[in-house]
Structures are given as C-alpha cells and as structure tokens.
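Visitor: I would like to learn how to read a model of this kind. Please take me through a few features.

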Amino acid sequence: MTSFDLPVDPDPVEGITGPFDPPGIAWDRVSPRLTTARLVVLGLTLGLPILACAAVAVLVTPWVWLAAGFLAAILLWAVLLVPRQVRAIGYAERDDDLLIRKGILFRQLVVVPYGRMQFVDVQAGPLDRKLGIAKVQLHTAAASTDAVIPGLPPVEAERLRDRLTARGEAKLAGL
Amino acid sequence: MSDSGHAPVPEQQRPTPSGSAAVPDEGLQWRRVHPVTPFVRGWAIIVALLFVVTQQSFEGIPYGELVDDVAQVWWVFVLGILGVLAVVFGFAALSWRMTSFAVDDDAAHLRKGILFRQQRHARLDRLQAVDVRQPLLARLFGLAELTLEVAGGSDSAVAIGFLRLDDATALRADLLARAAGVKARRSGPAPAVPDPADAADTSSAEPGAGRAAAAEPGSGDGRPDGQVPLVAVEAPENQVYEVPPARLLGSLVRLPAVWVSLILFVGLGVVVALTRNVGLLFSLLPAVLGVGTFLFNRFAGEFGFRAAVSPDGIRLRHGLLETRSQTIPPGRVQAIELSQGLWWRGKDWWRIKVNVAGYGVEGSEGTQSVLLPVGPRQEALTAMWLVLPDLGTPDPAALVDEGLTGDARTDRSFTTSPRRALILDPLTWRRNGFAVTDRALLLRGGRLTRRLTVVPHERTQSLGLQQGPWQRRRGVASFTVHSTPGPISPAVHHLDAPDAARLIDAQAVRARTARAQQTPERWMETVAAVAAAAEPTDQSDRQMTDQPTGEPVAERSDAPAARPTSEGDA
C-alpha cells in the first residue's frame, strides 16, 4: 500500500501535478455537498449490511463479527477517501474545449472540444435535488468519451449546460 | 398486390395509408419496396409455421389408421395449410403496403410498421455510408437491400429493402449524388467562388437535374410498384485491389485459432489413442464448431473482396453467400488500423480495419468495418492512401514503415515509451509510441500482433489521459483518442508523462485547426479528389497538401465530367 505514494500529496488537489495540471488552467471545483451525497449512498449500501451482520452476530454466532468488522473497515476507508476524491474533481472551460479531471490514485483527464459535443445531459436524483446538486454529462459521437461533472449546484449546472450548447452550436462541424 | 397493378399513379398521390400524416407529403414521391420483401425477410418464420402446422396435423392422427383415414382427413390438412398461408400472406401484404420510402434533396424518408408506425428521416448530409446487401435468398430473387448509415448510435441505420438489384444500385447512386450536393446546387445559393470550373460544374449538374424533372411525369408508367425510374448516374470507379481466395485461405490457416485448435486436437487424439476412450473426442465438439463457424464466417464474409475508388468514395464488395457492396464517402473514415498477427509476418501480410460512424461495434466475424482482409504491405499502403490520400508528411511511406515494423531502436519520427516503462510493459514498451504529421496522428503498439492506428486530426472526438499509481511512480501516462464506436479504440500506453502532457495539449489544438479547414459534408461541392489517390505516388501526395486553395478547382471540373461518360453504359 505504501507504494501507492498517497502520503506524498500534501493536499490532494494541489498535489496533482505533471500531465494532469496543465499550466495556466484555473480549475473549477464541484460542490462539497457531493461528499455528503456520496457518503449517504455509501452509508446505506454498507451500513445496512453491517447492521444485518451485527444482528446475526448477536443472535447466532459471534464469528459474523468478522464480516461486520471487514465491512466497517471498508466504510471507514471510504469515509476518509470520498472527500479527497470529491476535491480532486475539477473542470475548466477553455476557449475551445472543456477539461475535466478526476481521481487521485487513478487519474484521468478528458479534453472535450465544444465543436464535438452532440448533446448535454443534466441529471439530478431525489437525493441530489434534496442536497441541491446536479450532474452534467457531455456526449460526443464517441461512446468512450467519459465526460461527467457530478456535484454541480443547479444554477451552475444550468449555466454550464447553456454555455456548452451555445458554444457547441457555434462550432458544430460534421463528424 | 392486386391493387398496385392497375392504378399505380393515383396510388402514389394518395396520402399516406392510415393515420400517419405527421409530415406533409408535398414534393415527396413515396415509393414501395418489392412485394417479395416480407417473404425474404420472414422466410424462416414462414417455414417454421408451416412445419408446426404439418406436424400438428399429422400428430392428430394415429399412425395405424393413417392410410384409411387419409381420404377424410386430408381436407383438414390442406385447410390448415391454406389458413396459415392466408394469414401469412395477408400479414405480408399488409406490411408491404405499409412500407414506403422517399428521397428528397435533404433526407431519405422511410415509413413502416403495421400497428406501431415508424417514420424515419435520415439527413443526407449526415450520411456516413451506403451498403447494398444481398442475403442468399434475396440473391435468388435478384433483390437487394439498401442500408443508409447515419451516425446515430446503434440501430440508427435506414434499411430500404428489398428492391430489385438495379433499382437498389440506382437508388444508391441517387442518394450519393444528393448527399454529395450535386443536386443541392440547383436550388441552393450560388457557390462562393465564381471560377471557370464552377461554370462547368453547374452545367454538368444541370442535365442531371433536367433529367430528374423529365423523369417525374412518367414515373408511374409500367412499373408495378410505383418505382420511379432513377436519375442519377453511378459514379465511375477504378478497382484498386482484390483479395484472391487462395490468399484469404492462406491467411485464415495462419490464424492462431487454427493452430491452437489443431494442437488441442492432436493432443486429444494422442490421449484417445492411449486410453481408448473415444467419448473424449466429443468434449472438443463445441470448440471445433466454434472455431469452424468463426473461420467459415470470415471466409464467406471476406470472399472475393474487391476495393475500388470513385468520386463518391471507397467501394468495397465482398461475400460468398451474402454479398455486400459498401460505399464510404470521402472523409467518413474516423480511424484506421493496420495489424499483423505473428504468423502473418513471413508473408508480410496486413489486415486493415476502419471506424466508420454508423457501422458501430460488431462481432468478431463482422466484415463491415474491414478495408482490407489480408494483403501484402504494398497493398495495405495503397488501401491506406484510399482513406488518407495525404498523410501530411514528405515521406509517408517511410513513416508508415516505421509505424508498422519499427521500434525504439530504429525510430526517427516516433516518440516511444521511456525505458522506465520496461517493468510495466516488458514486451511492447519499445513499440508503444506516437508520431504526428500535419494531417494525422499515428499510434503504434503491439509486439506479437503489431498494430498501427492512424487518426486524422479532424476526426478526433475527444482526448483522454490516464495514469494509475504504478504509472505515476514510473512517470508515465496513457493517452487515448476517443473515436466513434467501432473496432478501433486508438490509444498509446506508458508515454513519458511530459510527452503525454504535451501531446494532449498540442493534439487539442491540431484537431481544432484541422476541423476548421475540413472539407464540407457535401463532398462534391468542393473536392472529389479520391480518384487521384488511386495511384499513391508522391506526386499526388504533394498535390493534395495545398488542398484548400488550388486543388479543388481541377478536381471539381474533373469528377462531374466523368459522370456523364458512364451514362452511356448505364
């Protein structure tokens, strides 16, 4: 685990350097409420099995505490990781393309030219709406384009959507 | 079927069959497909139904009394068959009546469906490819299906069929001419640059338009299905290469699948001989069937492969049982990949696949995206020039040679993985690399199966950069070009991180500039230079480089002039 050199990064966002930090780019961050949203989902998907395991452990056999402990360890690790992951998500609007960056351990940078955009999705589930965030997804003619910006405030999501579609139309070319 | 015989003309002018008047029909000439279509499409269902009915009728009768009772029972039997036939026939006739298509200057329209009506409009300036497909049964009837590929994800193609073969090819020529913008000029705004070639161009387009007008009044005459005599002329073509069956067989025999299964078979034979347990042989049956199907599909699909160039793009014809004739207009190829398996090296054979938006991802035996099933290097280069007449470099052959067989020790133009990547990728790190020309990005990879991927700058969709924890420790990153769905996903792994950063930055700019200068979707309006690429000489390469200014004029006057010459033949 030490070989993943996580501790080298003092701050997960400032620590992202090299090819994933092109010079002269001011990155926009997503809302910290995304952390809450992700933690709630995690808490439900892992918390319920932990409770179930604990119940079985108390009622049937104490061996099941092992499983409960294992799940709890994963949950703890995730709770520590998720805020850093959310802080590592960034996007930047350049004159002709949109940059999206994410990941700490497995880093990813996508450059989507506005002229290549086919359509833009804005999605928000019930939890997202409650928390006041939305997800913007860009689609090009390539299915492999993985350009998603999660956790945007709805106003910002709408602004981004309008801006992206306006720029896309202005620069639209054939395939 | 009976009503179409006597009054075809009012039949056409009557508005849509039932309740599907979503689109005004003005100016559209709706045509019917060939009446046999439902049977060609649904023959399997019909055979199965007949089989079931026959089976049921016979099973109702005890076998012993069969001979005695046959005189009484055959009525029921015949009635059952007739009933099924009537239902099938009625359904077929209805579905035929409900299917119609039309073509205008901007789009192809298709209406079909009995209960659930479907209307589909495919914009012709978004046309990616046109296929004329003849399944075995359709070949017996002399029919063909026309498929227009537009880049709308899976199942976005417009399949018009079945038509008589010459009608289908004529319709294809018509569609391509309209998509190329030959007719659009009639009503559209005048071309921006008034030059002498333009005058020649419009005048040569005019006869086509005139003939279109002349053909319309008499459109119903004598044709049973209300099929209009088609107007446009097939663009002339020059055959560039073909794949002889012997070479195709030789290439299949050299596939690893064949050798692996052969070794398995021999090994099992030895085991069977030793243990005298013949039953073991059956355990191989699924594998043998699988490999056999794969090989046969590939052989049948790529049999008689011929490629030709025409002003309308690349023409590919292939197929043993089901034949397919593809036309890919200029600029529609999104990415191209040359690959060579281990056992093809001795012959220096290469296989070329392409990404065309609309063809999408297909199975392993899919032959739609194949540009060259197997061919020696010279032929592979020729095939490549078909797609990319100009690679944007003074010495394209040397560059491509380096991409095909070179590695880090012999490189002159490729940038490869650093030595640090050795531990991540011990086999291919010397091969991983990229080279950039004025027109395209070349990505190289693969040691046992060599691969060279070429993406024209203007066809780049988006770009990606990935780095895992091990890669970060080694200071390398992987670079991806996102292309339209297809067999090729261009990528190069483990580049030096600063190289990767520079590449993604510069590539974004290059793609943008190339897009700004790319030829328009209606290719005839400015350039139809593909024919010139048939001879991949350095000369033609050089001509193409300053394409936006000088070249189109010469090409434009040349290509439509070539069209009327084939009118005589057609």
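Visitor: What pLDDT does chain B average?

Guide: Where pLDDT is low, the predicted coordinates should not be read in detail. Chain B averages 76, and 73% of its residues score at least 70. Over residues 1-24 of chain B the pLDDT is below 50, and this stretch has 32 contacts in the model beyond near neighbours in sequence. Residues 526-570 of chain B also stay under 50. For them the model has 65 contacts beyond four places in sequence.

Visitor: Which residues of H16(B) are buried?

Guide: Start with the helix itself: H16 of chain B runs over residues 497-517 and reaches 30 Å from its first C-alpha to its last, close to the 30 Å expected. Its buried residues include B:Ala497, B:Leu503, B:Ile504, B:Ala508 and B:Arg515.

Visitor: What is the phi of B:Asp348, and what is that of B:His494?

Guide: Most residues other than glycine have a negative phi. B:Asp348 has a positive value, near 55°, and B:His494 has a positive phi near 55°.

Visitor: Where are B:Asp348 and B:His494 found?

Guide: B:Asp348 sits in the loop between strands E12 and E13 of chain B and is partly exposed, at 24% relative accessible area. B:His494 belongs to strand E21 of chain B. B:His494 counts as buried because its relative accessibility is 12%, and the cut-off for buried is under 20%.

Technical notes: Residues numbered from 1 in each chain as written. Chains lettered and ligands numbered in written order. Predicted model: local features only at pLDDT ≥ 70, side-chain atom pairs only at ≥ 80, totals over all residues. Heavy atoms only, no water. Helix = DSSP H or I, 4+ residues; strand = E, 2+ residues; numbered from the N terminus. Buried < 20%, exposed > 50% of the residue type's maximum accessible area, 1.4 Å probe, protein only. pLDDT = per-residue confidence, 0-100. Contact = heavy atoms within 4.5 Å. Expected span 1.5 Å × (residues − 1).
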